[in-house]
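The structure comes first, followed by the description.

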Amino acid sequence: MDSSEIGDKTELKFKEWLEKHRIPYLYINQEKGTFSSVFEDQLKRPDFIILIENFGFILVDVKYKKISKEYGTYSIDYNETKKFSSFQRKFNIPIWYAISNEESDYKTWLWIPVSRVLELNVEACISSKSNEPFFPISMDNFIQISHNESIEKLFIKSL
């Protein structure tokens, strides 16, 4: 499978998790021309808008990631995080990353708000593979939600 197919599968598994928990959502079309050209190079759009009853909306970008066995961290793209931060400020809607992979059979989702990634003040590193900057984020900074747990855990753990 190429990276596009892996990403699509991960988003499908996330949709299944949302459906299982009866969480209302909108999937955001990522095709060119579905987003104002004003924002074209300034913002990146997340994958989902989800509604948390009695709370409001959050935006979620779903990622397929594996932990670095050597460092015990997940690589969060630096440039993407900066664009998401700009999106948050302009639209005043929080954005979260939700990460999973086949090692957990997509039964565990690791959540972290974009703002938290930046607040950690983790020094960006340069990838030896892509030569792109990323934030190495340790496991203890994520909120882990298993397939049987409620999304409410995000807000309980965030307090």
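Lysine 69 is exposed, and glutamate 103 is exposed as well; exposed means over 50% relative accessible area, buried under 20%, and partly exposed in between (1.4 Å probe, protein chains only). The model is predicted: local features need pLDDT of at least 70, side-chain atom pairs count only at pLDDT 80 or more, and totals for chains, interfaces and linings use all residues. Residues are numbered from 1 along each chain as its sequence is written, and side-chain values use heavy atoms, with hydrogens and water left out.

**Salt bridges**

A search of the whole structure gives nine salt bridges, a salt bridge being a side-chain nitrogen of Lys or Arg within 4 Å of a carboxyl oxygen of Asp or Glu.

| Lysine | Glutamate | N to O distance |
|---|---|---|
| Lysine 66 | Glutamate 102 | 3.0 Å |
| Lysine 66 | Glutamate 103 | 3.7 Å |
| Lysine 69 | Glutamate 103 | 4.0 Å |

Lysine 69 is in the loop between β3 and β4, and glutamate 103 is in the loop between β5 and β6, 34 residues away. Lysine 66 lies in the loop between β3 and β4 and glutamate 103 in the loop between β5 and β6, so their pair ties together parts 37 residues apart in sequence. For glutamate 102 and lysine 66 the separation is 36 residues. Glutamate 102 is partly exposed, with a relative accessible area of 36%, and lysine 66 is partly exposed at 40%. Glutamate 103 has a relative accessible area of 51%.

Elsewhere, Lys44, Asp61, Lys63 and Glu80 are linked in a network of salt bridges.

**Helix α1**

Helix α1 has 18 residues, which at 1.5 Å a residue should span 26 Å; its end C-alpha atoms are 26 Å apart, in agreement. The expected span is 1.5 Å times one less than the number of residues. Thr10, Glu11, Phe14, Trp17 and Leu18 of α1 are buried. They cover an arc of only 115 degrees around the axis, which puts them on the same side of α1; the arc is that of the directions from the helix axis to the C-beta atoms. The buried residues of α1 pack against β1, β2, β3, β5, β6 and β9.

Leucine 12 also lies in α1, but counts as partly exposed at 45% relative accessibility. At the N-terminal end, aspartate 2 caps α1, with a side-chain oxygen 3.1 Å from the backbone nitrogen of serine 4. Just after α1, arginine 22 takes a positive phi of about 55 degrees.

**Nonpolar cores**

A nonpolar core is a set of buried Ala, Val, Leu, Ile, Met, Phe, Trp, Tyr and Cys residues joined through side-chain atoms within 4.5 Å. The largest has 19 residues, and those with the most contacts inside it are Phe14, Trp17, Ile50, Val60 and Trp111. At least two residues of this core come from each of α1, β2, β3, β5, β6 and β9. Apart from it lies another core of 16 residues, including Tyr74, Ile76, Tyr97 and Phe142.

Leaving aside neighbours within four places in sequence, isoleucine 50 is in contact (heavy atoms within 4.5 Å) with residues including Leu18, Ile23, Pro24, Val60, Trp111 and Ile151.

Technical notes. Helix = DSSP H or I, 4+ residues; strand = E, 2+ residues; numbered from the N terminus. Polar contact = N/O pair within 3.5 Å; in protein donor to acceptor, adjacent residues only side chain to side chain.
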